[in-house]
Structure formats: C-alpha cells, structure tokens
Amino acid sequence: MDITFLTKVIARIGYSAKCIVYCVLGILTLLVAFTATRAEEVTKKSVFQEILYTPFGSVSLTAVTVGFACYIAWRLAQGVSNPGNLDMTKPKDILMRLFYFFSAIAYGSATYVSIKVLMSLQDDSKQQQQQVGESILQTTWGAILVGAISLAVILFSLIQFKHVVKTDFMDKFVSSMPALQSKIVVWCGRLGFACRGVVYLMVGVFFMNASIAQKSEKAGGLPEAVSTLLVQPFGPWMVSALGVGLMGFGIFCGFEGRYRKTD
C-alpha cells in the first residue's frame, strides 16, 4: 500500500475523531449553561462516557479511540518526516515541528482516558493527583517548570487568536474545496479558535497563579474555566458561547477530515 495514501487515511480518521469529541464537549458545555449539569463534568472523560452510553456505545467509543490513535500517528508522522516541508532554519517552523510531538503526547493522554472508560477502569484518585502536584510545586524547580508551562500555554492562546484574525488556517486546506464549504470552514474556524484562545488563556493564568502561590488547587483546565465564566455577569451566556465555539471547532475538524492537505 502507498505510504502517502495510508498517511492520508490515518490523518482523516484522526480529524474525524476530533470532530466527534469536540462536538460532544460543546454540547456538555451548553448543558452546564442552562441546566443543572456541573462544570466539573465538562471533561474529555465525560465526553467518552457520553459516547459509551449511546446505543452501540462500545463500538462508537472504540472507533473514537482508534481515531485518536490515528491522530497521534499523524502528528508523530508530521514531526518525524516533516510532510509540510517546514524550514528547520526558521525558529517558527522549528517550534511548529516540536508542537507536533507535544500534540501527540496530549492526545496520547486523552486516548489513555478513553481506553480506561472503555474498559471501565477506575481513575486515579483526584486527591492523590493534587498531592503529587503540591509536592512538585513545593520545590523551586517545580514552581519554575509550572510557570514556564503557563507561559507556553498563554503563548499558544495568542496563536489561536492570531488564527482568528488572519484565517491562516485556510492554508492547510486543499484549493479544490467548494466555495460554500470554504465559507463554513472560515467561520467555524474563527469561532473555534477564538473559543480555544479564551480557554487556553484562562488555563495559562490558572497555572501561573498555581506557580506563584505554589498551590496545585489554583491550577485548572476546561472545567475550572467554565466555572469561572459561569459566575461572571451574563455567565450562562458566556458559557453557552463557549459551548457553541467548541462545537464550531468540532465542525472545523470534520472539514479537516475531508479537505485538509496531508502531503
């Protein structure tokens, strides 16, 4: 089998899996805005559980898990073989190539969670995780490391906002994409990247606070971001906008599965 064709198939399966997960994540966020659903339930674990509870849930979650594994393989292929012909003399392209590996690690973690949900395995104790985080932050190097991570996350959030303004993500799509689909991708992409920019900016600030205070409970992810927005003026509407943005990014990933360049 042609390796280029295989890479294309793996990439398209991976983006399709992201489409499903982000759309479900967006729906869960909307439920938090207007129902009694708790913000703590807006996690990838909850997404996988929702998929598992649907008809043919085991088959569906298995397909999503395989899709995530394909996405990891695609990111590693981008990092190793450089199919986009990134110029390794440019700092921007070097960082992008490194990002592919970090992306593979992040989705490797999500895949691990989906496997645990699929196999009905118990999660590690949240209290134990906090204790580990606390012990890391109590050391000077640990606090510096968390601070560096927070700066990296904030920088990543600014990149998301850049995509919103410049719509440079359109360069990743084939030129033969029909005009109507192209317009949908532009607006879903802008909506999705704006949403991701807000979330990553808040997460970066959370980690920065944790680094400064040396308290792991001040760190947080999407659930903490949703909880923070929810208590603001017009909080439910802000959270609902976040949910719509996550769904928009899911739709964007779906179009990536069909029209993204893979060579």
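I began with the term I needed: a crossing is left-handed if the near helix is turned anticlockwise from the far one by less than a right angle, and right-handed if clockwise. I also kept in mind that this is a predicted model.

**Helix 7 and helix 9**

I looked up how helix 7 passes helix 9, and the crossing is left-handed. Helix 7 covers residues 179–213 and helix 9 covers residues 235–259. I found their axes 7 Å apart, with a packing angle of about 130 degrees. Helix 7 and helix 9 are therefore oblique to each other.

**Helix 3 and helix 4**

Next I turned to helix 3 (residues 57–81) and helix 4 (residues 91–118). Their axes come within 8 Å and cross at roughly 160 degrees. Angles over 145 degrees count as roughly antiparallel, so helix 3 is roughly antiparallel to helix 4. Here, too, I noted a left-handed crossing, with helix 3 passing helix 4. What kinds of residues make up the contact of helix 3 with helix 4? I read off 16 nonpolar, 10 polar and two charged.

**The nonpolar patch**

I then checked the surface and came across a nonpolar patch of about 840 Å². Its members are Leu 76, Val 80, Met 88, Ile 94, Leu 95, Leu 98, Phe 101, Phe 102 and Ile 105. Which elements give two or more residues to the patch? My answer was helix 3 and helix 4. Helix 4 gives the most, with six residues. I looked up Phe 102 by itself as well, and this patch member lies in helix 4.

Key:
Residues numbered from 1 in each chain as written. Predicted model: local features only at pLDDT ≥ 70, side-chain atom pairs only at ≥ 80, totals over all residues. Heavy atoms only, no water. Axes fitted to C-alpha atoms, helices over the stretch in contact; angles between N-to-C directions. Helix = DSSP H or I, 4+ residues; strand = E, 2+ residues; numbered from the N terminus. Parallel < 35°, antiparallel > 145°, perpendicular 65-115°, else oblique. Nonpolar A, V, L, I, M, F, W, Y, C, P; charged D, E, K, R; others polar. Patch = residues over 30% accessible without salt bridge, like charges linked within 9 Å, V, L, I, M, F, W, Y side chains within 5 Å. Areas by Shrake-Rupley, 256 points an atom, 1.4 Å probe, with all protein chains shown as cover. Salt bridge = Lys/Arg side-chain N within 4 Å of Asp/Glu carboxyl O.
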